[in-house]
Amino acid sequence: MSDFILGPFWNFAVIVFTAGVVGRIAMILMCGLSKDLAAARGSSVKGAAGTIARRFFPRKETIRSNRFHIIAGYMFHIGLLALLFFAAPHVQFLKNHLLGFGWPAMPHWAFILSAEIAFAGLILLWLRRVMHPVTRLLTRLDDHLAAWLTFFAMVTGCLALFESFAGLRVLHVLGVELLMIYFPFSNLMHAFTFFLSRGASGARAGRHGVKA
Amino acid sequence: MIWAGVLLLLGTFTLPVLPYLWASASNDIASLDTVQNNPRANFWRNVRTGTAGYSAVGGPEANVLINNDGQNWRQFRMRLLAPYGSYLMGAVLFTIAIFYALRGPVQHLSNEPKELLLRFSVYQRVVHWFTAILFWILALTGLILLYGRFVLIPLFGSSGFALTASASKEAHNLFGPIFIVALFLLVIEYARDNFYRKGDLSWLIKGGGMLGKHASAGRFNFGEKIWFWLVLLLGTIISFSGIILDFANLNFDRNTLELAHVLHGIAAILFISVSFGHIYLGTIGTKGTLRGMTTGYVEQAWAELHHDKWRPDDGATPEASRVPGAPNE
């Protein structure tokens, strides 16, 4: 079983993930934008770049009403990114199997702190999703699956941290594989497409000389 | 030649027991059994008193060759905490089962059409379930660490249990600090309505309405208030002792770690035991209560039966009000 998870199933997951992500982005790009016939009053490139950057920060008009969502959202995403790119086993993996080079990994205490922040954020976001009457109505099975698969991949990774048992590491790999296979067909694609959506609306607004 | 062989055999078999025979004949065998069965016994007995000597190695207790407190702690864990903890949790579950069989669930008369009242805001519910989820992750992993060798080894085998225990320890250490944050948020959010108020004692005397007579209560009854303060007390003990155990490498001495573990174990078992009652009363024990913590709304008939002194506008929910059109799930 371990051989299958670490071998053929891993290759399958990588292929589905890569092909799926590239395919979906290509489909979005091929849709294109409707032609803007208005005279340009500003730079669409500047507008796109500005909107992509600006939307990393919450609007001050909505901070008060959305503070729970904003704080929990940042906790989860920052924690997850730190784990994904700066956890020592991940840096090692990327160096050995993908990129051929590495970078300094975060110390153990920072890993634990990042994991705790990410877990707290993820659980709080999911709870708010199911507790708030509006988000509950908007929530589909896809949202639950995405949250639970992410949780599973994260928690098995933390359980395997000390690599005391090979079985725990294999379980983590399985969790990551399931997440990779599900990723291109789910809302998780926002990890790649948020650039496109922000960029598109920013470019259009920038061309009209306004901020998006 | 034959006699020589016989003497050799006799000598071989009897020589080793000669000291015993001699001691037995001279009535010294009783004292041998107690203090002198091993000439080095007194030496090791002295070593186990924990007297500090000299060692070139630095660090807490490095000068003590054998610290017997570790053995005492192990005995406490295996012979007192584990069995009596299981008796307590089992007794609570058994009592609840008997009570449910005899009394059944507390039901309120439902009015038609149902008028709903907002009892808990979204934030209050999120904080409650955040704490509850973390509590049960920690409770289950903690119980695996305490009872796994008795329950899981027969099921999973030694290797399977070792893997499960390792995973449980990592999860317990990881989610523990998040529970402290959750506990803090819970206390801040719910403290205001959980202070003692006039009438709480009479609620308790009437057995919270379980003995037949109606017992009046405000937003939270005295039982819920006791549970709240127990959560704070036991949660604080568990949190502080848990931090010490989580950061055991920060030069804590053995006695501190043992004390932390003893307190952690006792508080956790009490916490889990009392939580059974909370879960029972919040779910199958009292109809309509769980709905308040899932959708946020309760029926007016439920509120009049259990919290007749509560008016939605004196609750902690700023948006609390009568909401006739609220979701009826």
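Q: How much of chain A is buried?
A: Buried residues are 27% of the 212 residues in chain A. Buried means that 20 or more other C-beta atoms, placed from the backbone, lie within 10 Å of the residue's own. This is a predicted model, where local features need pLDDT of at least 70, side-chain atom pairs count only at pLDDT 80 or more, and totals for chains, interfaces and linings use all residues. Residues are numbered from 1 along each chain as its sequence is written, and chains are lettered from A in the order in which they are written.

Q: And what share of chain B is buried?
A: For chain B, 24% of the 329 residues count as buried.

Q: What is chain A built from?
A: Chain A has ten helices and zero strands. Helices (H or I, at least four residues) and strands (E, at least two) are DSSP runs, numbered from the N terminus. The C-alpha atoms of chain A fill a box of roughly 65 × 35 × 35 Å along the principal axes.

Q: What about the elements of chain B?
A: Chain B comes to twelve helices and two strands. From the N terminus, the order is α-α-α-α-α-β-α-α-α-α-α-α-β-α.

Q: Back to chain A. Which residues of helix α3 are buried there?
A: Gly47(A), Ala48(A) and Thr51(A) are the buried residues of α3(A), which spans residues 44-54. Seen down the helix axis, they fall within an arc of 100°, so they line one face of α3(A). That arc is taken over the directions from the helix axis to the C-beta atoms.

Q: What do they pack against?
A: The buried residues of α3(A) pack against α10 (190-207) of chain A.

Q: How many residues does each chain put into the contact?
A: Chain A gives 21 residues and chain B gives 17 residues. Two residues are in contact if their C-beta atoms, placed from the backbone, lie within 7 Å.

Q: Which parts of chain A touch chain B?
A: α6 (108-131), α8 (141-159) and α9 (166-182) of chain A each supply at least two residues of that side. The largest share, ten residues, comes from α6(A).

Q: What classes of residue are on that side of chain A?
A: The side of chain A that touches chain B has 16 nonpolar, three polar and two charged residues. Here Ala, Val, Leu, Ile, Met, Phe, Trp, Tyr, Cys and Pro count as nonpolar, Asp, Glu, Lys and Arg as charged, and the others, Gly among them, as polar.

Q: Which residues touch the most other members of the largest nonpolar core?
A: They are Ala118(A), Phe119(A), Ile123(A), Phe130(B), Leu134(B), Phe175(B) and Phe179(B), in a core of 54 residues. Such a core is a set of buried Ala, Val, Leu, Ile, Met, Phe, Trp, Tyr and Cys residues joined through C-beta atoms within 7 Å. α6(A) gives the most to this core, with twelve residues.

Q: What is Leu134(B) in contact with?
A: Leaving aside neighbours within four places in sequence, Leu134(B) is in contact with Phe175(B), Ile178(B), Phe179(B) and Ala182(B).

Q: Where in chain B is confidence lowest, and where highest?
A: Helix α2(B), residues 18-25, is lowest at a mean pLDDT of 52, and helix α9(B), residues 222-246, is highest at 96. pLDDT is the predictor's confidence in each residue, from 0 to 100. Chain B averages 84. Over residues 315-329 of chain B, pLDDT stays under 50. Where pLDDT is low, the predicted coordinates should not be read in detail.

Q: What does the model score overall?
A: The model scores ipTM 0.90 and pTM 0.84.

Terms used:
Buried ≥ 20, exposed ≤ 12 C-beta atoms within 10 Å, placed from the backbone.
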